[in-house]
Amino acid sequence: MMARRFQSRAWYRFSAEPMAVLGLVLLAAITLAAILAPFVTPFPEHASSFVDFRNMSQPPSASHWFGTDLVGRDVLTRVVYGYRISLTVGIVVLGLAVPLGVTLGMIAGYAGGRLGAVIMRITDVFLAIPALVLAMAVLGVLDRTLINGLIALAVLWWPWYTRMVYNQTRAIRNEGYVVAAQVVGASHSWVLFGEILPNLVPSILTKFTLDLGFVILVASALSFLGLGVEPPTPDLGSMVAEGAGYLPDMWWMPVFPGLAILLVVLAFNLVGDGLRSMFGDGM
Amino acid sequence: MRSAAAAYPAGDEVLIRIEDLWRDFVMRSGTIHALAGVSLDIRRGRTLALVGESGSGKTTLGNQILGTDTPTSGRILFEGRDMPARRDTQMRRRIQVVQQSPYTTLNPKRTVRQILDLPLSIHDGGPRRQRRERIAELLEIVGIPSDFMERHPHSLSGGQRQRVALARALASKPDVIVLDEPTSSLDVSVQARILRLLVDLQARYGLTYLFITHDLSVVRNIADEVAVLYRGHVVEHGTTPELFRAPRHRYTTMLLSSIPVLSEEEEALKPAWDWDVTATAAEPPSTGTCPFLPRCPHAVASCSLGVPPRVATSPTNWHACCNPRPEGADADAR
């Protein structure tokens, strides 16, 4: 009963921010379109290898809202399919990075001492390396497959969570309820995951939402540099890169995928900001 | 260096014996002795109040008993046996805590039921249904309606939170509860009710309390014995009525005179003190002398010769003062 009341109060605070609601609506639309891509796109067969020379490089029209690319594929279809890759990349990368970063940060903050110092110094080393450079280095050494790209991004993302969680864990590890759990004989893992973690969820969730947008952006940048997904898989970043060579005449080829990236990153940021103000006052 | 335990009536068994306990904190500016050779007995079923100003080491001493901190040297005996640095689950069950701040003592993300379920699930509270019944029973004991079970702490008042914290401490059926200023952040009326509850529970379950506080009027109402701490030293110790009636150590008399009084007649009976309390923190730590020497207006030559030895004034009371307040002076008003 109380839980439901809390949820409705949280939703009330979230919905008081029109931009956050707009972001949520955008996200819902993008996610639904991506999941239902075979059913909602006008030319699902254009998502992979497909050639239609009669319709190549067409400007936006009633049948091809976003125009067509060099081999006559519908850009709108490929943008929607591109979202599939983008969202997958975001979720897989953070699905690897967040649990790792959060666990290490909690251990470092709770244990403190030498163990905490070692973990945090390693984290600092990773934080000192420019993200994109590290990803490019990893992809330079390993095969340029999607999986390796995901691993490279995860490797450069976890330290941010470790840093954030470390600071928050240090702030609450001497709170009364943590001490009370220790006094009553709770195990370290209970104290970490049962007492401390629930209090970190708001900030982790907020950062997670904001980061989904950034991961998509960095992944797009990597594919823009030719380090991402292999063709013919539709990927927003490589579509921008490919189309950029044909500016300004065939502007629709890079502009629409570019706007698509902008839109999803913006949506995640709006929702993230909404979450931040929702959790803001001590919830 | 032992208090006169033999003079206590039979049945007042020593449950916890603290022997020459030191706890040093090494800081950049030097070593601070938070506890400087504390020896005390805590008797079963009784309340020992630890009083002293902030920084006197009373919470540090509580932490040693709870096992959340380890002493630099010295021993703590529980039922005559050494308490190991790493407490086992059984030992954890027997010593519990109620903390000062009602706002951080309960995890804001957990419900009252979840909070009370933790000690039960650790200390074999049986299957889920049995634990649930026990939680309802615990809430009843501390005077919280059982339909509060699914509430979160943020919907509870300060007093209710302290009651839940007390229920959590009781859940594992402990022998000892360390009460670390459990009422100091509550309203006076709420304070009184919590104190009455504590007294009732002690009588009902034979609990032993270590009551840490700076509030002497509370001590007078609840404690059987008082130990006065100053800078890590116990400077006076004894039964509450005697200590309040005839304080001997100069620091104790100062503390007692700080109790607010209602009438001018009472005020007139207080010893005169010209003491800047705020200056205490700036003092250099004294070693090898009476800890109170830098602030004591009654210091004599022997005060700087060493830490004053204990002087027994009765079978139950002693102080460590070289120039104590003369017996029978005008302290009866307190």
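Predicted model: local features only at pLDDT ≥ 70, side-chain atom pairs only at ≥ 80, totals over all residues.
## Chain A

Chain A has 11 helices and zero strands, so that its elements, followed from the N terminus on, read α-α-α-α-α-α-α-α-α-α-α. Taken along the principal axes, the C-alpha atoms of this chain fill a box of roughly 75 × 50 × 25 Å, and 48% of its 283 residues count as buried. Among the contacts in chain A between residues at least 6 apart in sequence, 74% join residues that are at least 24 apart.

One helix pair can be described in detail. Helix α2 (residues 18-35) of chain A packs against helix α4 (residues 75-111) of chain A at an angle of about 105°, and the two axes are 8 Å apart. Angles of 65 to 115 degrees count as roughly perpendicular, and α2(A) and α4(A) are therefore roughly perpendicular to each other. On the α2(A) side the contact is made by I30(A), T31(A), A33(A), A34(A) and I35(A), which meet V80(A), Y83(A), R84(A) and L87(A) of α4(A). The residues of this contact divide into seven nonpolar, one polar and one charged.

Two further details concern these helices. L22(A) is also found in helix α2 of chain A, and with a relative accessibility of 42% L22(A) counts as partly exposed. L22(A) and L96(A) are 74 residues apart in sequence, and their C-alpha atoms are 28 Å apart in space. Just after α4(A), G112(A) takes a positive phi of about 60°.

## The eight-stranded sheet of chain B

Chain B contains an open sheet of eight strands in the order β6-β7-β8-β3-β9-β10-β12-β11, with mixed pairing. The edge strands are β6 (95-98) and β11 (311-312) of chain B, each of which pairs on one side only.

Which strands does β9(B) have as neighbours in the sheet order? They are β3(B) and β10(B). With β3(B), β9(B) pairs in the parallel sense over four bridges, and L48(B) stands opposite E225(B) of β9(B). With β10 (residues 233-239) of chain B, β9 (residues 225-230) of chain B is antiparallel and joined by six bridges; A227(B) stands opposite H237(B), and Y230(B) stands opposite H233(B). The hairpin of β9(B) and β10(B) has two residues between the strands, and R231(B) takes a positive phi near 50° there.

Is β9(B) buried or exposed? Six of the six residues of β9(B) are buried, so this strand is largely enclosed by the rest of the structure. In a regular strand the side chains alternate between the two faces of the sheet. In β9(B) both faces are covered, with E225(B), A227(B) and L229(B) buried on one side and V226(B), V228(B) and Y230(B) buried on the other.

Helices also lie against this sheet. Helix α1 (residues 58-66) of chain B lies across β3 (47-51), β6, β7 (176-180), β8 (208-213) and β9 of chain B, and runs at about 150° to β8(B). Helix α9 (residues 250-257) of chain B packs on the sheet as well, touching β3, β9 and β10 of chain B, with a direction that makes about 105° with that of β9(B).

## Other features of chain B

Strand β4 (residues 73-78) of chain B runs antiparallel to β1 (residues 14-27) of chain B, and W22(B) has S73(B) of β4(B) as its bridge partner. β4(B) is also antiparallel to β5 (residues 81-82) of chain B, where D82(B) is the bridge partner of L77(B). The hairpin of β4(B) and β5(B) has two residues between its strands, and E79(B) in the turn has a positive phi of about 50°.

| Strand pair | Direction | Bridges |
|---|---|---|
| β1(B) and β4(B) | antiparallel | five bridges |
| β4(B) and β5(B) | antiparallel | two bridges |
| β3(B) and β9(B) | parallel | four bridges |
| β9(B) and β10(B) | antiparallel | six bridges |

Finally, R220(B) has its place in helix α7 (residues 216-222) of chain B and is partly exposed, with a relative accessible area of 41%. R220(B) and F244(B) are 24 residues apart in sequence, while their C-alpha atoms are 7.7 Å apart in space.

Methods. Residues numbered from 1 in each chain as written. Chains lettered and ligands numbered in written order. Heavy atoms only, no water. Axes fitted to C-alpha atoms, helices over the stretch in contact; angles between N-to-C directions. Parallel < 35°, antiparallel > 145°, perpendicular 65-115°, else oblique. Contact = heavy atoms within 4.5 Å. Nonpolar A, V, L, I, M, F, W, Y, C, P; charged D, E, K, R; others polar. Pairing = 2+ DSSP bridges. Buried < 20%, exposed > 50% of the residue type's maximum accessible area, 1.4 Å probe, protein only.
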